[in-house]
Amino acid sequence: MSLPVLICDDSALARKSIARSLPKDWDITISFAENGEQGIEAIQQGKGDIVFLDLNMPVMDGYQVLEAICKQDLPAIVIVISGDIQPEAHKKVRELGAIDFIQKPINQEVLISLLASFGIYKAGSHNSLEVEEADTKIGLRDAMQEVSNIAMGRAGDLLARLLDVFVLLPIPNVNTLETSELHMALTSIADNDNISAVSQGFISSGISGEALIIFHDSSFKDMAKLLKYNEKVDDHIEIEVMNDTSNILIGAFLNGLADQLDIHFSQGQPCVLGQHCRVEELIKDRQEHWQKTLAIEVNYAIENYNIKCDLLLLFTEDSIDTLTNKIGYLLN
């Protein structure tokens with residue numbers, strides 16, 4: 001009888017990558033879930049003796065799935081596969097019952113070695129791999145969301161290690177936006193708060209854009225404390241805090257994208273767009289640069305601190321064809 005295996009991840013690209021990485025001679029039947037709620041239902045139906053679980057998902061995230069498995073005493077062996085590579089994330093999932101953690105993008109050799117080490121898979125077993133249902137067609141938005149999720153995790157991990165904190169990671173939001181839609185997105189990020197922002201340009205072959213880091217003014221006191229600024233927090237210190245944080249998050253995020261897409265980004269110098277202002281003041285001189293853009297939005301927060309900062313990557317319309325071609329290599 002085939003072993004029921006469940007892949008629970010909101011990204012079609014990730015589900016496909018994990019399924020393709022499983023041993024071809026493993027006697028299993030694969031099912032898929034797009035969020036934690038569907039995952040729990042599948043486990044309850046006996047479709048997940050082995051579960052490959054993402055952490056950042058809508059409806060119910062991976063941490064909540066692990067809690068539910070424990071609370072309901074469900075018979076599932078869980079291996080977390082996530083872009084959130086912070087040491088604290090590893091610790092938390094093991095405390096909640098996962099047997100191990102693998103970082104994205106998935107490495108087939110690491111996965112198979114782990115399965116063998118736990119006695120879950122033995123090489124040479126008969127091949128009768130079955131897939132419950134075909135995954136839906138993977139588009140640019142879904143694929144960019146998955147590569148952004150991995151890049152976000154790398155940036156969050158770097159920030160977490162430097163500041164000795166746990167960074168709360170969201171699901172990245174990827175959309176093609178017109179100028180008016182971008183204005184609404186920025187207004188939503190600001191949430192009626194005064195904000196400060198830094199801009200940094202980036203360019204690669206056929207790809208260019210601008211990265212924005214938006215800081216809520218209420219975050220500066222705690223950010224300065226974590227970055228060990230002992231002076232009184234004035235406008236000058238705030239600029240240093242913004243530049244330091246921007247270099248960490250933007251650089252790590254772009255490197256994470258570049259590694260996956262096999263490209264190299266050159267970055268400009270950070271430029272302060274404004275301090276303690278409303279969104280309208282911040283963008284009034286920038287709208288001509290943002291006629292139409294592919295936008296990646298990541299809302300970072302730090303556990304137990306009053307810190308919120310938002311990373312917005314804005315790719316030019318001319319970059320979309322190149323990104324689509326690069327993403328195509330990941331889908332083959």
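Trainee: In which helix do Arg-161 and Asp-157 both lie, and how many residues apart are they?

Mentor: Some ground rules come with that. This is a predicted model, in which local features need pLDDT of at least 70 and side-chain atom pairs count only at pLDDT 80 or more, while totals for chains, interfaces and linings use all residues. Residues are numbered from 1 along each chain as its sequence is written, and side-chain values use heavy atoms, with hydrogens and water left out. Now your pair: both residues lie in helix α6 (residues 140-163), 4 residues apart, about one turn of the helix. Helices (H or I, at least four residues) and strands (E, at least two) are DSSP runs, numbered from the N terminus.

Trainee: What counts as a salt bridge, and how far apart are the closest N and O atoms of Arg-161 and Asp-157?

Mentor: The term means a side-chain nitrogen of Lys or Arg within 4 Å of a carboxyl oxygen of Asp or Glu. For Arg-161 and Asp-157 the closest N and O atoms are 2.9 Å apart. The whole structure holds 8 salt bridges.

Trainee: Which parts does the salt bridge of Lys-92 with Glu-303 tie together?

Mentor: The closest N and O atoms of Lys-92 and Glu-303 are 3.3 Å apart. Lys-92 lies in helix α4 (residues 87-95) and Glu-303 in the loop between β13 and β14, so the pair ties together parts that are 211 residues apart in sequence. Glu-303 is partly exposed, at 28% relative accessible area.

Trainee: How many bridges pair β13 with β14, and in which sense?

Mentor: Two strands pair if DSSP finds at least two bridges between them. β13 and strand β14 (residues 308-316) have 9 bridges and pair in the antiparallel sense; Glu-297 stands opposite Leu-312 in β14. Their hairpin has 5 residues between the strands, and Asn-304 there takes a positive phi near 70 degrees.

Trainee: Which strand do 6 bridges join to β13?

Mentor: That is strand β8 (residues 173-178), which runs antiparallel to β13. Thr-176 has Leu-294 in β13 as its bridge partner.

Trainee: How many residues of β13 are buried?

Mentor: Strand β13 (residues 292-302) is mostly covered, with 8 of its 11 residues buried. As a general idea, side chains in a regular strand alternate between the two faces of the sheet.

Note on methods: Buried < 20%, exposed > 50% of the residue type's maximum accessible area, 1.4 Å probe, protein only.
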